[in-house]
Amino acid sequence: MLVRAYRDRIKRGSAEHASRLAHTDLLRIYRDLVVTRLQDIGLKRWVRQGVISKAWLGVGEEAVTVGCVAALERAQDVVIPMIRNAGACHMMGLPLEDGFTCYLATADSPSGGRDFHYGDIARGVIQPVSHMGTSVPVAAGAALAFRNLGEGRVALTWTGDGATRTAAFHEGMVFAARAGVPLIVVIQNNQVALGTRLAQHGAGAMADIPAVYGLTGLECDGNNVIDVYAAAATAREQCLRGEGPVIMVAETFRMGGHATHDEREARETFAPELFEHWGRRDPVGLFEAYLIDRGITVEEIEAAEEEARKAVDAAADLALASRDHLPRPESALFPGFSEGGVLHGLSTRLDAVRTDGHEHAPSPVSGHPPPGAGAGFPPSD
Ligand SMILES: Cc1ncc(C[n+]2csc(CCOP(=O)(O)OP(=O)(O)O)c2C)c(N)n1
Ligand SMILES: [Mg+2]
């Protein structure tokens, strides 16, 4: 019944885009979903074992991230992931261990131990700012640059339902819509912001938000990875035709707490039936049923799962071993990611895009500032 509804949704809305995906693409999407899920399970295990004190997880919401990134031109476009979009980082080409070392604050973690928000601009992932809503004006700025330079690239960011209530979101959207930049903003409506349910934190429907900015929105089933993929692919095409920004509204549900510390309270935030309903709509399980429908064998599915499991286990082990490399105190004085007006890594990426446009740009010093580089950190670009 559920699987039929899932399949019908693809047939009705996303059939054309879905048919463009070959078996290898579908298996890659499945592997990315599983890697994203296992990364969160690994972090949760670390919390239970006392390796870290808490983790922010996106279990049950993976399709919103994976479907979007799968629709991008990964060597060219840029993303700003939020805390529940960690899957975007490995999909854009960041090492999987970054998702673990960022929590350990080791010297070889992406920010050299200074912040667990992570990214690598050389791979098209702009490190998020923790203040909700701020990724919208930042991504709008990147999109403005793409448009002004005449580059066929888009910027994509996700924002929670709660973050849509911020001034930063509003300012960013007003600007992006007015300037008509190639920006995709994905409202990841997981029905809750910290302990505040959607109905408590604002009036009106999420689906009405695009019209506020004079935009036509795209709605998708956030637990149906193909539906998300089709919406993001459509949004990208619209952006590249110069039709301005797109707001996608992806409906999903937060299955856990805001982070691991409030999982019990989170269970009391909604009626148990809602967890049951969304639990049956798990994005990994539903997509697995779809793959079987598309003629992919159980053996192929199991091989993709095994590949994902090995990659995540190896990344977690590597990260644990890196605990020997603690940052030197002076590294707290890093000049930051920008020096002399140049963002570290950005020009490398631009060069790579201009020369071939298809390979992942090599990351300077494996994508991270050299450990302990201190105030003398030389600009890499
Ligand atoms: C401007 C601002 N206010 C408050 C916070 C604290 N805070 C962090 S996450 C969060 C809730 C976010 O909810 P939502 O945007 O729906 O994203 P979700 O956590 O559900 O993915 C809040 C209030 C913040 N980071 N920034
Ligand atoms: Mg939310």
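Strand E2, residues 155–160, and strand E3, residues 183–189, pair in the parallel sense over six bridges. Two strands count as paired if DSSP finds at least two bridges between them. Helices (H or I, at least four residues) and strands (E, at least two) are DSSP runs, numbered from the N terminus. Tryptophan 158 stands opposite valine 186 in E3.

A word on the source. This is a predicted model, in which local features need pLDDT of at least 70 and side-chain atom pairs count only at pLDDT 80 or more, while totals for chains, interfaces and linings use all residues. Residues are numbered from 1 along each chain as its sequence is written, and chains are lettered from A and ligands numbered from 1 in the order in which they are written.

Back to the strands. E2 and E3 belong to an open sheet of five strands, ordered E1-E2-E3-E7-E6, with parallel pairing. At the edges stand E1 (78–80) and E6 (218–221), each with a single partner strand, so one side of each has no neighbour in the sheet. On average, neighbouring strands of this sheet are turned by 20° against each other, direction ignored. Helix H6, residues 135–148, lies across E1, E2 and E3 and runs at about 170° to E2. Axes here are lines fitted to C-alpha atoms, for helices over the stretch in contact, and angles run from 0 to 180 degrees between N-to-C directions.

Now the helix pairs. Two packed helices are described by the angle between their axes and the distance between the axes. At what angle do H1 and H9 pack? For H1 (residues 2–19) and H9 (residues 225–240) the angle is about 55°, with the axes 9 Å apart. H1 and H9 are therefore oblique to each other. On this scale, angles under 35 degrees are roughly parallel, over 145 roughly antiparallel, 65 to 115 roughly perpendicular and the rest oblique. The crossing of H1 and H9 is left-handed, meaning that the near helix is turned anticlockwise from the far one by less than a right angle; clockwise would be right-handed. The contact includes Arg9, Ile10 and Gly13 of H1 and Ile226, Asp227 and Tyr229 of H9. Contact means that the C-beta atoms of two residues, placed from the backbone, lie within 7 Å.

H1 also packs with H12 (residues 283–293), at about 70° and with axes 10 Å apart. That makes H1 roughly perpendicular to H12. Val3, Tyr6 and Arg7 of H1 meet Leu286, Ala289, Tyr290 and Asp293 of H12. These residues divide into five nonpolar, no polar and two charged. The classes are Ala, Val, Leu, Ile, Met, Phe, Trp, Tyr, Cys and Pro as nonpolar, Asp, Glu, Lys and Arg as charged, and the others, Gly among them, as polar.

The axes of H2 (residues 23–49) and H3 (residues 62–70) come within 10 Å and cross at roughly 140°. H2 and H3 are therefore oblique to each other, and H2 passes H3 in a right-handed crossing.

Last, the ligand. How many residues surround ligand 1? There are 15, and the closest are Met132, Gly160, Gly162, Ala163 and Ala193. A residue belongs here if its C-beta atom, placed from the backbone, lies within 6 Å of the molecule. The shell around ligand 1 divides into five nonpolar, seven polar and three charged residues.
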